[in-house]
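Me: Please give me a close look at a single part of this structure, namely the place where two of its chains meet. I would also welcome a few words on the chain that forms one side of it.

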Amino acid sequence: MTDKLVTFEVNGQELQAEAGSMLIEATDAAGINIPRFCYHKKLSIAANCRMCLVEVEKVPKPLPACATPVTEGMKVYTRSPKALAAQKGTMEFLLINHPLDCPICDQGGECELQDVAIGYGRDVSRYSEGKRVVADKNIGPLIATDMTRCIHCTRCVRFGEEIAGIREMGATGRGEHMVIGTYIEKSVDSEMSGNIIDLCPVGALTSKPFRFNARAWELTQVEAIAPHDSLGSNLNLHLRGNKVMRVHPKDNESINETWISDRDRFSYEGLYSSDRLTSPMVKKGGEWKEVSWEMALEMAAASLKEIGDGDQIGTLISPTSTLEELYLAQKLMRGLGCNNIDSRLRQGDFRMDATQNSVHWLGSTLSDMDQMQTVFVVGGNIRKEQPILAHRLRKAALNGAKLHYLNPIQIDLNHSGEQDICTPGEMAGRLAAVAKAAGVKASGGAASLLNAAQADESAKQTAANLKAADGALVMLGAMAQAHPDYALLHTIAAALAEATGAQLSILPASANSVGAQLAGAVPHLQAGGSVADHAGLDTLQMLKMPRKGYLLLGVEPGRDFWNGSLSMSALQSADLVVAISAFRSPELEECADILLPMAIFTETSGTYVNAEGRWQQSRGVVRPQGESRPGWKILRVLGNLTDQAGFDYTDSQQIHDEIHQLCESATLDNKQAAPQNLEPQLSADGLLRGGDTPLYACDPLVRRATALQQTQDAGSDTIRLHPEEAARLGLDGSDTALVKQNGNQIDLPLQLDERIPQGCVWISTSLARTSTLGQPFGEVTVEKA
Amino acid sequence: MTVTVKDKTELFSPQICAEIDRWIAKYPAEWKQSAVMGALMIVQDDNGGWLTTELMDRVADYLDMPPIAVYEVATFYSMYELKPVGKHKICVCTNVSCMTNKSDLIVEHLEKKLGISFGEVTEDGRFSMKEVECLGACGGAPMMQIGKQYYENLTPEIVDAILEGLE
Amino acid sequence: MVNEVCLRTLDLERPWLMEQYQSRGGYEVLKQVLSEKRAPEDIIEEVKKSGLRGRGGAGFPTGLKWSFISRNAPGQKYVVCNSDEGEPGTFKDRDILRYNPHQLIEGMILAGYAIGATRGYNYIRGEFWEPYERFEQALQEAREAGFLGDNLLGSGFDFELHTHLGGGAYICGEETALLESIEGKKGQPRYKPPFPAHFGLYGRPTIINNTESLASIPMILEKGGEWFADIGVKNSGGSKLFSISGNINNPGVFEIPMGTPFSELLEMAGGMKDGRKIKAVIPGGSSAPVIPGEQMMDLNMDYDSIAGAGSMLGSGAVIVLDDTNCMVKTLERMSYFYHEESCGQCTPCREGTGWLYRVVHRIETGQGRQEDLDLLDDVADKISGKTICALGDAAALPVQGMLRHYRDEFQYHIDHKRCMVGAG
């Protein structure tokens, strides 16, 4: 393909396009409509539906616009008698075996087949034979199938192969008997699977949670920003009245392209959980009582003030909160003399805070991700952390990039890549081996590890690929950040990046992980992202050295924390816990004294700063449920009630503008001085627990999205371990085992899994039962139940 | 440490593995998938003439293919059977040259003799019948194939003799 | 000039053996080409001169096809032989595989030499077990004799050749479906361009030729392109294998010069069975529109003569039907075939072939309606030329041909709800 422009004519209109590009791209760009079903700009060209046939001068047969390259001087007719005859012919064929059950079809009103049929179909069918009926398979809780409606465009099949990177759907059988589906009864497990609902031009694949809930024409569309991972994918919310009925992607080529993750698509279900906290409540004598807002706010303000010493308060804020909430919460608490503010609830080691003087970020723009030539992911299962980011890494891999992973578990990759797998205790050593291969000199906090490291072939290869690349990243994922020796991993990764010319990437975990740093919702940085005048305690310190009082914002004790049991015991022992929350939970009710119902995602306006530092604003588009109020309003009143100046906002835009001004000189930069004397905190010997936060366990909203919770990626309360490890522990043949960590114990089902390294047992965090244990990486014993 | 992966040689008997490997060797190393048709045929022959989903899954594992890609192949080509067939699968051509040479009489004769129709298996499992498209032996119409063998210029009497000669 | 090219060893006992083939000078031309290091361009030129056109049915000039490959482009190139003989009525390649496999092997090696390919695959339809075994045996002999492998006969030219077995799908006779099939996929044709000469097997430059075409190469190179061209007539060089079947006394494969009158071919095939009257001939495999018997008796077996009568020579598969045949029933069976064998990829073919079959079936079983004849014409027209590969056309052509010549017979079925054949 060349950049040369060619000039050609469509319906007498002169157009220009790059030589070799397809006709349909040019007509789409020029706003000339050619009907199509199989063509999709993000998928390979199949040219099988034959709907886009057009007449090209001097060519005897009609040609598919999707697969016909433009050439100089070409004359195209998209609506000539010959073109229309071909298009109408295809339409008739598509309809003979289509059930035409539009009145009961969820796609009705937004169906591409329906739309095109109006323009190109006939009113009476000439086909009088029996129509094809296809038996449906259950493909899981997210996608409903009515394959009798399928027109075999194969978009869903191509999506699996080309975008999701796992072939789950296929076209089995041949001819008229060809059936699109999974062939066997099997759930579709891609973390981006919901996109096939959008791709399907008919009602064959529709949203299961949305099924029969509304008709397309009853819905209004409003924009929003996804509030889970750090991408900030752009969404279109479809509302009926005051309710979010479903979520679709909004195209944004530089963020989510045309896709969204299943998490962003289906988490809206959690909004309507019966767990929603809908009125202010106060615990009196162990009983929860509904109270007025006025009373609740006054009590909260008074009790916080009553603690007197601000240092005796801990402030824990969800990193999925809006920028305005993060900012106001820290402003409120700093005003009360409390510097103990953190939003990094799942981080395992805060020793890097001491030298951090800038805002940590992805280290690259999202669109540059596709162009990376080498990416070395340390402690990350990106597909199951941030699916759309993983899609970009996959694109890089398909472009020929070398991807290397260092993890305490073998992960399922959907692209080519090398995996180095070791126990959690060996990770820093293995990373040091790569650094050593790259020529990093032993110095600073990681000196002893670097001295001891042996660079083997795989380490040398990783280092060489980093060095050779024009565009390389060393990326610290969620498992690295949850590691008790994150400071070591971070320090070595930074040195490795420096030695190889790669960028260090600190993958922000949540929707506002970057925003939280800019807002000062961390103990060591203040609003504007500069070093705090008075550094406070980090999350772990706040829990290890329990405070008298806590303010929680959008946080659920137990499940949102690195160490679930520690969070419970610290909060239970406090005199006062004020929780601003959208949801109730038994754990929260056990710990808290005052509950203030908060509006969340879709109900409140606010800003999200994504992994690459892009500020995106979302409006409140539905009324908050019950008496709940936007977080910024709650915090504003608490500011007023605690007699603080500067809390007189009348809308959230004012808060946004205030933060924006403070951030004018903020820099996103992962460079910092390496701390000295970093003693390893996790021993390399003995049985260790490994644990991830499952894709749908990450925040309170997702945990209440019922359909997502029925999928594989919801995770399970189990102990996974290598068969040989099970044998060594005398557990072969057992169904369950007793696991003990930090004095807590539970019995859990056992699952043999060859992907877990020996010397390690895998217990995911943040699940109903596992959150009663301790941290994801640490010493553990497992014995017969 | 490295994590052990499933030992592929445990998927099939050594003999079957060796036969599949012979097909794999014909194609470029990165195109193991090319051996899927050969592998399915070998596995089908070894399983009394038909493929179970489990066998297809094993072929997928053996060739590093997604299972759905194997199902696509197995359901596309007519020689793969996804339901049990008789020990002797009788494939009768009924296409034009055979039809005009009275293949219908051969079909009728077989149906009467075996008590089954196309797509069915005799109760004792010895025979099944299948209607097939042109097998490229029109000069010997009417014709049929049993197992790997072609039988041409059929008459009911010849059919009787052929069936009697089968084990 | 009978049996001069592909079947030239047919008179020998066990002609499939290496020694037998060599007793007729087999592999001599290969040895000569290799030892003289004959220029590949010369070989392609000679094939062009021969007028050899693709014997699988499409009739595309073989030499021209070869010249599309950029011989000096780096990387792997492939020669693929299409032995997926499946066009109803065709059974000639089976005889080449069974009786003269070495000549095919020699032809493929020469083709590889000409285009700079060092690997070849012969795609044999899965049902052809006996031909497959014969061909495999011949490959073994050729390997042992040093005609296959590295550094053939010390020439520095490498060539390896393997068989791929099909699994039962007519569509794999379409060249790009065949390539997909070798790649271990469903045989669904690829959209072209790109053509296989640029993007073929495994994405590499590839030539695909029919068995008969490739087996003709050694004789063309031995005796010269002109010699071959002169056997036939203008635009139809050489001799050709005709598979003749139907209601005739001596069906079989005949290798005769292009341009031979059909009447002579019929005579070679023993004439009409039971002395019945010839009613119709399908002259080039079931996709070729039918030609009434009387008209056919005046035609010659070459591309232009058959095309002039509104049909095509195709693969040279001649199905002769006598006056006991009902044309509705014949078309019903043919339409069923295309319906069965459509790959399912393109809408018009996937949906339209079933529609055609059902309408013809309805007429055949006495349920026809007056509007059905126009409907058949219209549906056939809507499939024709609208699909990725030629199967759509192949399904439409027999319908159009039958309605052109035998509309009255269809009309009779509709009017009387029974057949006119044997009714009178």
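Reply: In this predicted model, 64% of the 785 residues of chain A count as buried. Chain A contains 24 helices and 36 strands. Its radius of gyration is 28 Å, close to the 28 Å that the globule rule gives for 785 residues, so chain A is as compact as a globular protein of that length. The C-alpha trace of chain A spans about 85 × 65 × 60 Å along its principal axes. Among the contacts in chain A that join residues at least 6 apart in sequence, 71% link residues at least 24 apart.

We may now turn to the interface with chain C. The size of an interface is often given as the accessible area lost when the parts come together. Here, chain A and chain C bury about 2800 Å² between them, and 52% of this area lies on carbon and sulfur atoms. Of the area that chain A buries against chain C, 27% comes from F93(A), R174(A) and E176(A), more than from any other three residues. The contact involves 35 residues from chain A and 33 residues from chain C.

Charged and polar groups also meet here. The rule finds 6 salt bridges across the interface of chain A and chain C. In one salt bridge, the side chain of E176(A) meets that of R358(C), at 2.6 Å from N to O. Between the two chains, 19 residue pairs are in polar contact.

On the side of chain A that touches chain C, the elements giving two or more residues are β4 (63-64) and α2 (81-96) of chain A. The most comes from α2(A), with 8 residues. By class, this side has 17 nonpolar, 9 polar and 9 charged residues.

Key:
Residues are numbered from 1 along each chain as its sequence is written. Chains are lettered from A and ligands numbered from 1 in the order in which they are written. This is a predicted model: local features need pLDDT of at least 70, side-chain atom pairs count only at pLDDT 80 or more; totals for chains, interfaces and linings use all residues. Side-chain values use heavy atoms; hydrogens and water are left out. Contact means heavy atoms within 4.5 Å. Buried area is the accessible area (1.4 Å probe) that two parts lose on being put together, summed over both. A salt bridge is a side-chain nitrogen of Lys or Arg within 4 Å of a carboxyl oxygen of Asp or Glu. A polar contact is a pair of N or O atoms within 3.5 Å; within protein, one must be able to donate a hydrogen and the other to accept it, and residues adjacent in sequence count only if both atoms are side-chain atoms. Helices (H or I, at least four residues) and strands (E, at least two) are DSSP runs, numbered from the N terminus. Ala, Val, Leu, Ile, Met, Phe, Trp, Tyr, Cys and Pro count as nonpolar, Asp, Glu, Lys and Arg as charged, and the others, Gly among them, as polar. The radius of gyration is taken over C-alpha atoms; the globule rule is 2.2 Å times the number of residues to the power 0.38. Buried means under 20% relative accessible area, exposed over 50%, partly exposed in between (1.4 Å probe, protein chains only).
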